[in-house]
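Reader: Hey, I've got a chain open on my screen and I'm a bit lost. Could you walk me through it?

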Amino acid sequence: MNKKFYITTAIPYVNARPHIGHALEFIQADVIARYHRLKGEEVLLLSGSDENALKNVQAAQSAGVPVQQFIDENAVLFVELANALGVQFDVFQKGSSKEHHLSSQKLWQLCAENGDIYKKSYEGLYCTGCEAFYTPDELDANQECLEHPGRKLESVSEENYFFKLSRYQDKIISVLESDELEIVPATRKNEMLAFLKQTLQDISISRTNERAKNWGVPVPADDSQRMYVWFDALNMYQSGVGFGLDEQKHNKWWPADIHVIGKGIIRFHAVYWPAFLLSAGLPLPKKIFVHGYITSSGQKMSKTLGNVVDPFPLVEKYGSGAVRYFFLREIPPTEDGDFSYEKFEERYNSDLASGLGNLVARVLALVGKINPKSFDKLRIPSEVEGQIQSPKLREIINAAREKVDTALEKFQFQDALIAIWDVIHFCDRYIEEKKPWSFDFAQDKPDQKEVIDDLLLAILAIGTLLKPFLPATSEKIANQLQHGKGDPLFPRLDRNV
Ligand SMILES: [Zn+2]
């Protein structure tokens with residue numbers, strides 16, 4: 001049996017349209033999933049829509065649309081975005097589905113049976129943006145949440161259910177320290193360990209029907225309460241693979257090998273989630289990869305500033321390959337990065353139009369000059385390196401292949417692409433050096449034919465290396481090699497920004 005590999009994106013709130021931050025995360029997760037598929041593993045990539053959050057209810061109300069209709073319409077946009085980007089979700093789990101409700105109630109019951117859920121009266125400050133309670137010392141100077149400055153916190157006083165988070169403090173410290181649950185990058189792990197040095201407070205995991213506006217997963221055996229959104233949202237990772245519904249399926253896929261998340265929700269994933277799982281007697285995920293945020297022309301994206309970048313027109317104008325390339329190559333995988341149309345078009349023109357696209361077009365043009373019969377022989381060789389004559393070219397392709405392997409194990413998407421572009425740059429220099437445009441193919445000189453063969457094989461290798469990163473481009477390259485011609489992969493843009 002093939003090794004299984006289970007990877008998830010975070011589960012986005014569907015209170016608004018997706019933005020480029022979602023695109024970044026979808027692309028990163030898809031590259032890792034595709035890479036493992038190519039290694040022959042049985043892969044499941046899960047995403048979904050967090051449909052039980054209060055902010056969804058509020059957004060639906062201000063839009064004047066019934067909540068279910070509102071979230072269904074928005075959830076579809078996230079699936080459409082994935083499709084547009086060539087991101088292949090195996091499961092897209094909806095938070096308002098009956099299955100997810102049943103599964104989350106099962107998790108609640110297991111935690112309750114273990115004595116970790118109790119009821120008490122509570123007063124606290126709630127940020128609807130984060131869907132989280134904060135203590136005054138966790139807020140900024142204006143007593144506002146760090147993620148949502150300018151938004152007033154809601155003062156909440158009610159009786160609800162609490163989870164004994166404090167009970168799992170030591171155990172979570174030990175699984176994080178030992179990397180039994182590994183957090184990448186290490187700076188995020190240290191941030192969580194520092195947070196865990198304080199005394200953990202138990203957390204509220206339900207709300208009254210009234211405050212929940214009768215929306216969300218009902219608490220088992222208490223029809224006056226709904227689950228706190230993070231309790232059920234984290235369980236999307238399990239409900240999507242059958243937890244509480246299909247034991248065989250759950251046993252097959254759980255635990256997750258990697259959760260891909262943004263830096264704003266790390267505490268939920270590295271502290272709350274393992275605590276719920278430990279309480280329920282379930283295995284912990286193996287790894288959490290934390291990416292940063294994308295700024296827009298140097299500023300935080302916000303509706304007020306009007307600089308939120310919509311990923312749909314971006315894909316429509318430049319193609320999914322260019323969008324995937326930009327986010328993987330330009331945005332540092334574990335830090336914040338910046339998007340601007342100027343940077344985007346610069347990357348597009350230099351790396352894609354003049355780099356990859358130009359090389360493929362040049363080599364195909366050279367091949368067109370040769371007797372087509374000699375080209376036939378080259379069609380999709382099963383093994384590339386052994387046939388390449390230039391030792392330097394062989395070496396640089398091997399190095400790129402090794403670099404892609406080691407870089408992807410560590411989520412270093414930039415390093416992987418740089419190694420592939422090293423092959424492209426080498427081929428450009430090789431062409432300048434050998435001057436194949438001056439070859440007289442009528443004379444059938446073996447050393448000249450060797451140069452053309454080597455370049456064709458190099459392009460084949462580049463196309464194969466690009467598979468997890470730019471799958472559609474990789475397929476186009478294979479097609480063009482088969483037919484000896486094709487449209488430009490990345491037509492040069494006239495700079496107008
Ligand atoms: Zn907040």
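Reader: Is N214 buried or exposed?

Author: Exposed. This is a predicted model, and in it N214 has 12 C-beta neighbours inside 10 Å. The cut-off for exposed is 12 or fewer, so N214 makes it into that class.

Reader: Okay, and where does N214 sit?

Author: In the loop between α7 (209-212) and β10 (225-227). Its backbone stands out too: phi of N214 is near 55°, a positive value in a residue other than glycine.

Reader: Switching topic. Which residues does the cis peptide bond with omega near 5° join?

Author: That bond runs from V184 to P185. P185 lies in the loop between β7 and α6 (186-195). There's also a cis bond joining W254 and P255, with omega about 5°. P255 belongs to the loop between α10 (247-253) and β11.

Reader: You mentioned β7 and β11. What's the strand order in the open sheet?

Author: The order is β3-β2-β1-β11-β12-β7, six strands with parallel pairing. At the edges are β3 (91-94) and β7 (182-184), each pairing on one side only. From one strand to the next, the twist averages 20°.

Reader: What holds paired strands together, in general?

Author: Strands of a sheet pair through backbone hydrogen bonds, and they can run parallel or antiparallel.

Reader: Back to this one then. How many bridges are there between β11 and β12?

Author: Four, in the parallel sense, between β11 (residues 258-262) and β12 (residues 287-291). To find one on your screen, look at G262: its bridge partner in β12 is H291.

Reader: Which helix packs on the sheet, and what does it touch?

Author: Helix α3 (residues 67-84) does, touching β2 (42-49) and β3. The direction of α3 makes about 145° with that of β2.

Reader: Let's zoom out. How many helices and strands does the chain have?

Author: There are 19 helices and 15 strands in the chain.

Reader: And what about its overall dimensions, what box do the C-alpha atoms fill?

Author: Roughly 90 × 50 × 40 Å, taken along the principal axes. The radius of gyration is 26 Å, which agrees with the value near 23 Å that a compact globule of 497 residues would have.

Reader: What share of the residues is buried?

Author: Buried residues make up 41% of the 497 in the chain.

Reader: Last one: how many of the contacts join residues at least 24 apart?

Author: 75%, counting contacts in the chain between residues at least 6 apart in sequence.

How values were computed. Residues are numbered from 1 along each chain as its sequence is written. This is a predicted model: local features need pLDDT of at least 70, side-chain atom pairs count only at pLDDT 80 or more; totals for chains, interfaces and linings use all residues. Two strands pair if DSSP finds at least two bridges between them. Helices (H or I, at least four residues) and strands (E, at least two) are DSSP runs, numbered from the N terminus. Axes are lines fitted to C-alpha atoms, for helices over the stretch in contact, and angles run from 0 to 180 degrees between N-to-C directions. Two residues are in contact if their C-beta atoms, placed from the backbone, lie within 7 Å. The radius of gyration is taken over C-alpha atoms; the globule rule is 2.2 Å times the number of residues to the power 0.38. A residue is buried if 20 or more other C-beta atoms lie within 10 Å of its own, exposed if 12 or fewer, and partly exposed in between; C-beta atoms are placed from the backbone.
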